[in-house]
Amino acid sequence: MKSKVAIFTSLIFIIVAFRSLDERLGVLPLDFPKPVYDFTKNSLSQSKIQLGRALFYDPILSRNNMISCASCHSQFSAFTHVDHALSHGIDDKIGFRNAPALINLAWQSSFMRDGAVNHLDVQALAPISNPVEMDENMAHVVSKLQASRLYTKLFYKAFGDSIITGEKTLKAISQFMLTLVSSNSKYDSVMRKQSVFTEQENRGYNLFKKNCVSCHSEPLFTNDGFRNNGLPIDTALKDYGRYRVTNNPLDSLKFKVPTLRNIEFSPPYMHDGRFKKLSEVMNHYTNEIKKSKSLSSELQRPIVLTSHEKVDIIAFLLTLTDKAFLFNPHYFYPKEIFSEAAKD
């Protein structure tokens, strides 16, 4: 019964948060800042969201009609993948990064591990065109969608005509991703004074605020920036992160700071998925920082934690799990949409 109430509460927050089409976004999740995303340029509607949801789960976006967005972004793992370190794409090709979790995207100003995309409305174009992910082009995607009776109906319902374009396709996908709002964890409940931390969770919270919050800022648990967090470079991948985008040596080995929301459900960790457990992550920050010119200023001084304190921080991190988000039926595979298409 509690889980059903939690799911309903989460849905209410999403509906209220995004029902307005201008700056009056209603009541946002408690203590969340103003979204970065400009809703006036892509006003949300239920029909567009449902179209985007169908596109998100449909492998029609890939060259061989085998890979969908959901192939690497599973709801039950916080819209990332958990069964391998690096993302797998078309023709069993392996990428060179771990897929980032898709959470609270309306509050982000850049996307991808290196920030190569600066607007959510075009983000999906990157994996669609990537030769080891979907290996497709938008012109062909539009052609396939235009030939589909299902999608001509869905686009007509969403946009008022059945002419499908790349822009409409990408904006519909972003509409669905904008609804992926996580704001109903135990942490959120404590902040709303609806529940309390255990003694261990509270100790972990205080340690977190002392050692981690400068990069993983509340309440989004990311500062939306880029940091070199002291990982030694993978000699096989040779991924220099943000440097690949800016060519600025000061950006070498910097990667986008990920949100810690639902971290319990989104291993493996780091841009290359090198750590399988949160305990390994904690050990990295206390014992394995690699010094370099671009190392984050927050990590210039060692983080000193006892083994018990590390466990306490992990206990706090588990309070960021939002099961109402992870099991929200509005994010499920839209079988009702595809079932209707099968009848035609």
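Reply: A residue is called buried under 20% relative accessible area, exposed over 50% and partly exposed in between, with a 1.4 Å probe and protein chains only. This is a predicted model, in which local features need pLDDT of at least 70, side-chain atom pairs count only at pLDDT 80 or more, and totals for chains, interfaces and linings use all residues. Residues are numbered from 1 along each chain as its sequence is written, and side-chain values use heavy atoms, with hydrogens and water left out.

Me: Is F221 buried or exposed, and what is its relative accessible area?
Reply: The cut-off for buried is under 20%. F221 falls below that cut-off and is therefore buried, with a relative accessible area of 0%.

Me: How many aromatic pairs does the structure hold?
Reply: Rings of Phe, Tyr and Trp (for Trp, the six-membered ring) pair if their centres lie within 6.5 Å; planes under 30 degrees apart count as stacked, over 60 as edge-to-face and the rest as tilted. By this rule the number of aromatic pairs is 24.

Me: Which kind of pair do F56 and F176 form?
Reply: The ring centres of F56 and F176 are 5.2 Å apart. Their planes stand at 55 degrees, so the pair is tilted.

Me: How many residues apart in sequence are the parts that F56 and F176 tie together?
Reply: Helices (H or I, at least four residues) and strands (E, at least two) are DSSP runs, numbered from the N terminus. F56 lies in helix α2 (residues 46–57) and F176 in helix α7 (residues 166–178). Both F56 and F176 are buried. Their pair therefore ties together parts whose separation in sequence is 120 residues.

Me: In which loop does F221, the partner of F208, lie?
Reply: F208 and F221 form a tilted aromatic pair, with 5.7 Å centre to centre and 50 degrees between the planes. F208 is buried, with a relative accessible area of 1%. F208 belongs to helix α9 (residues 199–211), while F221 is in the loop between α9 and β1 (226–227).

Me: Which residue lies over the face of F226 at 4.4 Å from the ring centre?
Reply: A charge sits over a ring if NZ of Lys or CZ of Arg is within 6 Å of the ring centre and within 35 degrees of the ring normal. The charged end of K256 sits over the ring of F226, 5.8 Å from its centre. The residue at 4.4 Å is R242.

Me: Why are the buried residues of α5 on the same side of the helix?
Reply: In helix α5 (residues 138–146), the buried residues are M138, V141, V142, K144 and L145. An α-helix has 3.6 residues a turn, so residues three or four places apart point the same way.

Me: Which residue caps the N-terminal end of α5?
Reply: A polar contact is a pair of N or O atoms within 3.5 Å; within protein, one must be able to donate a hydrogen and the other to accept it, and residues adjacent in sequence count only if both atoms are side-chain atoms. Here a side-chain oxygen lies 3.2 Å from the backbone nitrogen of A139, and the capping residue is N137.

Me: Which residues does S162 touch, beyond those up to four places away in sequence?
Reply: S162 is in the loop between α6 and α7 and is partly exposed, with a relative accessible area of 32%. Contact means heavy atoms within 4.5 Å. The residues touched are Q146, T152 and Y156.

Me: How many disulfides does the structure hold?
Reply: A disulfide is a pair of cysteine sulfur atoms within 2.5 Å. C69 is in no disulfide, and the nearest cysteine sulfur, that of C72, is 9.2 Å away. C69 counts as buried at 12% relative accessibility. The number of disulfides is 0.

Me: Which residue has its backbone oxygen 2.9 Å from a polar side-chain atom of N98?
Reply: N98 is in the loop between α2 and α3 (120–123). N98 counts as buried at 3% relative accessibility. Its contacts include T80, H81 and R113. The backbone oxygen at 2.9 Å is that of A85.
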